[in-house]
Each structure stands twice: as C-alpha cells, then as structure tokens.
Amino acid sequence: MNEESPYILGTDNQELFRLGVQHQVWAEEAQRGWRLANFKAGQTFLDLGCGPGYCTKELAFLAGSEGKVIGIDKSEGYIQFLKRVADTYHLNIEAIAADFDDMALRPNSIDGMYCRWALAWVPNPKEILAKVQEALKPKGKMVIHEYYDWSLLQTEPYKKSLAKGIAMALKSFKDSDMEIDIGRQLPYVLDDMGMKILSVRPMSKIATMDNGVWQWPQTFFQSYLPRLVVQDYLTPKEVDRALSELKELEGIKGASICTCLMVEIIAEKQ
C-alpha cells in the first residue's frame, strides 16, 4: 500500500503492520469503552479516522446485520483496504475517503462515535466534534481515546540515544499545528459544547519483553525515527544509535518501556 501520505506516520505497508500491532495492544480498551457506552446490535456507529479499519471491523460485528458502521478516513489506500475487509466478512460498513472537514453526516443519524488517535492529528478538533455532535441522535454517545501525556514515554534502564529519539519525536509533534495531548482538553471542550461527560478514564501500559505490549513502542521507534531524518530532527547516525540501543534494551532482563498516558472520555448528547 503506497500513496502520497496524508499522515505524519505514513500509510505504507510498514505503518499498516504497526497499526495492526497497535490495535492488538489497545483492542481490549476499545471494547471496554464500547461496553461502558452501551454500544449494541442494530445501532449505527461512526468510526472517525478509521485508518485501515481494525476497529471498524469489530464495531461492524457488534452492530450486526441490522446495524451499520461508517468508517471515515482521509487515506484512500486505507479506505480501499477497509472495503476489501468488509467484502470478505460480509459486513455492513460504509467506507468513506474524506477529510474530516469535508465529511457529510446526516443530522441525528448515528447512535455512537468512536475515535482513537484521530483528534490529535487535526488542527481543529472542536469543529470536527461539533459535526459529530450534530450527527448523533439524542442520547448518542462519543467514545474517545486520545493521548493525555505523550511525554511519559520512557525506558528503564535509560538509554541516551533512544531518549533523544523520543524527545525529537515529541518535538516534531509539538512543532505542528496539532495538539498531541488533546485528551487533556477534551472534557472541558465537550462540556462547553453541551455534551454530558459520563466518564474519564486514564489508560496506561508498561511494556516488557514478557508481554505483547513491547511491540507497540518497538514498531513505533522502528517506523518513525527514520522519518525524523527527512524532517531534520535526527541524523542517520543518531537513528542508528537509537535503534541499536533499543536492541540492547531487548536483551536486558527486566527492562521496560513506560508508554504514553492515554485517556478515555465518554460523552453523551443531550
């Protein structure tokens, strides 16, 4: 899957695999959020920023034959991938390639919205949420998973070159016109919009070589650090040293990676 990437992390085959690993790590949290929001069969859901559709597929099984999932993403490649998934599993998924600013949703047409790491990559999250709010039916719910504190990403033991790679990755996000830690703002943003906040839940994970979480930061480092060379945040030698230290870390018994702090916000339309 190759295309002119609309994403800071790319949309190539390496990123497609990394997103699959990421979904495996966070799937249980997504499913818990859907249960807390009482998402159920027969309903219509919006998967905002669906990417290749790992969550869209699960939501479609949840919605059942009488329900529907609308997956919206600006990557045409990801949407084509999702369409093939929908055809393979005979799922009621409407996959739409569109920028969030251009998405057209009918008022009072959806029962629930889910998004994960979608609002951190847009410059106008409040405007996007307002469009979703209008599309929600009364008592419809948003389940949102976003970063609360990306800077908590760190390793134990400390590795100097890898720490610099992490710092430069965060700087690349901070230098953009997006807010990587949008999760901390969402409760009061949604409250100002008239949404009722039902719950705010922190989500954190510690990766070790003994659990499946390790692949999440590992694949991020392997995918994104080389991209920082093109962006002039790191040199090729600095990336090589950082990835070498990652390999060293994997050989240290008891080593760990504290991942970024996430937050779940569930809000209801009044």
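Predicted model: local features only at pLDDT ≥ 70, side-chain atom pairs only at ≥ 80, totals over all residues.
**Entry 1: strand S4**

I began with strand S4, residues 110-116, and asked how many of its residues are buried. The count is 7 of the 7, so S4 is largely enclosed by the rest of the structure. I then looked up its neighbours. Strand S1 (residues 44-48) runs parallel to S4, and 4 bridges join the two. Between S4 and S5 the chain passes through helix H4, residues 125-135. I logged this β-α-β crossover as right-handed.

**Entry 2: strands S2 and S3**

I next took strand S2 (residues 68-73) and strand S3 (residues 93-97), which pair in the parallel sense over 5 bridges. Which residue of S3 is the bridge partner of Ile72? I found Ile96.

**Entry 3: the open sheet**

I looked up an antiparallel arrangement and found an open sheet of 3 strands, ordered S6-S9-S8. Its edge strands are S6 (154-156) and S8 (206-208), each of which pairs on one side only. From one strand to the next, the twist averages 25 degrees. For S6 and strand S9 (residues 256-258) I recorded antiparallel pairing over 3 bridges. Gln154 has Cys258 in S9 as its bridge partner.

I turned to the interior. In soluble globular proteins, nonpolar side chains tend to be buried together. The largest nonpolar core here has 64 residues, and Leu48, Leu129, Trp150 and Leu190 touch the most other members. Which helix gives the most to this core? Helix H5 (residues 160-174) does, with 6 residues. A second, separate core has 20 residues, including Leu59, Ile79, Leu91 and Ala95.

I followed up Leu190 by listing its contacts, leaving out residues up to four places away in sequence. Leu190 touches Leu129, Met142, Ile144, Met195, Ile197, Ile265 and Ala267.

**Entry 4: cysteines**

I searched the whole structure for disulfides and found 0. Cys50 is in no disulfide, and the nearest cysteine sulfur, that of Cys55, lies 9.8 Å away. The cut-off for a disulfide is a pair of sulfur atoms within 2.5 Å. Is Cys50 buried or exposed? Cys50 counts as buried because its relative accessibility is 8%, and buried means under 20%. Cys115 is likewise in no disulfide; Cys55 again supplies the nearest cysteine sulfur, 10 Å away. With 0% relative accessibility, Cys115 counts as buried.

**Entry 5: Gln22**

Where is Gln22 found? I located Gln22 in helix H1, residues 13-36. Gln22 counts as buried because its relative accessibility is 7%. I then looked up its contacts, not counting residues up to four places away in sequence, and got Trp117 and Trp216.

Key. Residues numbered from 1 in each chain as written. Heavy atoms only, no water. Pairing = 2+ DSSP bridges. Axes fitted to C-alpha atoms, helices over the stretch in contact; angles between N-to-C directions. Core = buried A, V, L, I, M, F, W, Y, C linked by side-chain atoms within 4.5 Å. Buried < 20%, exposed > 50% of the residue type's maximum accessible area, 1.4 Å probe, protein only. Contact = heavy atoms within 4.5 Å. Right-handed = clockwise from strand over helix to strand, strands pointing away.
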